[in-house]
2 protein chains.
Amino acid sequence: MQRHAEIEKAIERKYPEQVVLVTTRGKDGKANVMACGWTCTISGEPLMFILGIDDDSHTFELIRETKEFVVAYPHEFMKEETLIAGSCHGDEVDKIEKAGLNTQNAKKVKAPLISDAVANFECELVDIIKPGDCTLVLGKVIEAHVNTDSSLKRLCTVDKGHALSGVRPI
Amino acid sequence: MQRHAEIEKAIERKYPEQVVLVTTRGKDGKANVMACGWTCTISGEPLMFILGIDDDSHTFELIRETKEFVVAYPHEFMKEETLIAGSCHGDEVDKIEKAGLNTQNAKKVKAPLISDAVANFECELVDIIKPGDCTLVLGKVIEAHVNTDSSLKRLCTVDKGHALSGVRPI
């Protein structure tokens, strides 16, 4: 049975929610990474993603500048790395170094792949829209990569307060 | 370590993925429900969702007609109901009846709430866009409801082939 609730309280029941890492590389050659929880598939062929990325973030600045980025799925034991990617400012800190993330070159874009991720998707920018209070980046996948360890599962946000964990079916 | 992969193969590593039920009610008074896996939050204040809804679906027709809908989170034991909502055509079958879903009136929209869901969000249509091969419906939440049983968790898609299950943190 449903009872009426404040919108802010009701949305607390949304978990588990997916989380991705988004990498970029500025024209100065410096790579950056951020964590993003507002994301989903928006097209199958071509594969496209939408990402909620604040327009005052360093990642947004680099995406607007370079028109490309990589979406990576952190695996379930990459909690610390994902928290660092989500909690520092890329224009102040080298978050990839601080998080100890290993990277490798992508095939078509300059943004790096996250070596330990479950999968990486090279994206080119399709559009930027802002229907609400968050800027939304729409990207088309042009190349994909997967971890050679196919047993790795994705990390999720399992509760408020950035509680991150892998999950298993019940 | 990453290895290059076909895009269609790499995206198979996306699970677990969230799933929602979307309800609508036509001007003829008939209510409908569908399952949607391409969805995420796109704004915090106001709370807004994006939903991938094929433009040849009955749900899309009703959203375009009425400019409103409800997003419900099925709980982890609502696999059968969610599969039925996702696999029949609402213009041919009364999917709410077929799935045995209990509904109750919403506060501001005519689309029904799913009584057993984890939470329900009444939405008004904000925009319709089609950047790729799927029509995307953008909705603003205007009222929210939660299940009186706060222990209920959301259902997820945990593997390809519409494998649905609740999940637990490891």
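In which sense do strand E1 (residues 2–5) of chain A and strand E11 (residues 136–147) of chain B pair, and over how many bridges?

Mentor: The model is predicted, so local features need pLDDT of at least 70 and side-chain atom pairs count only at 80 or more, while totals for chains, interfaces and linings use all residues. Residues are numbered from 1 along each chain as its sequence is written, and chains are lettered from A in the order in which they are written.

Strand E1 of chain A pairs with strand E11 of chain B in the antiparallel sense, over four bridges. Strands here are DSSP runs (E, at least two residues) numbered from the N terminus, and two of them pair if DSSP finds at least two bridges between them. Within this pairing, His4(A) has His145(B) of E11(B) as its bridge partner.

The pairing belongs to a contact in which 58 residues of chain A meet 58 residues of chain B (C-beta atoms, placed from the backbone, within 7 Å). On the side of chain A that touches chain B, strand E11 (residues 136–147) of chain A gives the most, namely seven residues. By class, that side of chain A holds 31 nonpolar, 17 polar and ten charged residues (nonpolar: Ala, Val, Leu, Ile, Met, Phe, Trp, Tyr, Cys and Pro; charged: Asp, Glu, Lys and Arg; polar: the others, Gly among them).

As for symmetry, chain A is superposed on chain B by a rotation of 180° with 0.0 Å of shift along its axis, at an RMSD of 0.0 Å (least squares on C-alpha atoms of residues with pLDDT of at least 70 in both). This is the relation of a two-fold axis. Both copies use the same surface, since 100% of the contact residues of chain A recur in chain B.

Notes. Contact = placed C-beta atoms within 7 Å.
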